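Please examine the sequence and the structure shown here before reading on.

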Amino acid sequence: MSIYSIDKLIAETRRLAAEFRRSTGQTLPVSGEIARYDAARLLGLTLCDERTGGVDAIGTGQREGQRIQIKSRIITSEKKSGARIGQLNTNGEWDTVMLVIMDSNYEPCGIYEAEREELQEALSEHSTRSSRGALSVSKFKIISWLAWTRETGPEPLR
């Protein structure tokens, strides 16, 4: 059992990752874990101890029983066109994918959610990247709905 709470560890991880990026221009590979934590905390999900089949969390409440894959993307003030999300596990047994958008301090700004069918349709377009399960952030936002915002909190399910 750790003497530190997970809340404190995540807060310190955010701080260190943001400072590392400002100091070196490089990113630490921690955004995925922070995103999993944030999505669970903000939307009442239960994180899976073992992530098999692309399932990071199980829904509760309105999302009861849904199997959810969670992705992250840091959006800074830098203009980068074509920002992509990480590769989706297209063979996994998930129902929806959540994309946690974070600011340069690794704090969540918004969480978008998309259903499997819509993602599979988008990935079926003839593209080398999409055939590997990668989508642009802008494409993901188009086919998804806003599940949570920093300003208003959880949004009603679509």
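The model is predicted. Its largest nonpolar core has 23 residues, and the salt bridges number 13.

**Nonpolar cores**

- Leu-45, Ile-70 and Ile-111 have the most contacts inside the largest core.
- At least two residues of this core come from each of helix H1, helix H2, strand E3, strand E4 and strand E6; H2 gives the most, with seven residues.
- Apart from this core lies another, of 18 residues, including Ile-85 and Leu-135.
- In soluble globular proteins, nonpolar side chains tend to be buried together.

**Helix H3**

- Arg-116, Leu-119, Ala-122 and Leu-123 are the buried residues named in helix H3, which spans residues 116-123.
- These residues lie on the same side of H3, because they cover an arc of only 130° around the axis.
- The face of H3 turned away from the buried side carries the exposed residues Glu-117 and Glu-121.

**Salt bridges**

- Asp-38 and Arg-14 form a salt bridge, at 2.5 Å from N to O.
- Asp-38 lies in helix H2 and Arg-14 in helix H1, so this pair ties together parts that are 24 residues apart in sequence.
- Asp-38 is buried, with a relative accessible area of 0%, and Arg-14 is buried at 6%.
- Arg-36 forms a salt bridge with Glu-33 and another with Asp-56.
- Arg-36 and Asp-56 are both buried, whereas Glu-33 is partly exposed.

Notes. Residues numbered from 1 in each chain as written. Predicted model: local features only at pLDDT ≥ 70, side-chain atom pairs only at ≥ 80, totals over all residues. Heavy atoms only, no water. Core = buried A, V, L, I, M, F, W, Y, C linked by side-chain atoms within 4.5 Å. Buried < 20%, exposed > 50% of the residue type's maximum accessible area, 1.4 Å probe, protein only. Helix = DSSP H or I, 4+ residues; strand = E, 2+ residues; numbered from the N terminus. Arc of directions from axis to C-beta. Salt bridge = Lys/Arg side-chain N within 4 Å of Asp/Glu carboxyl O.
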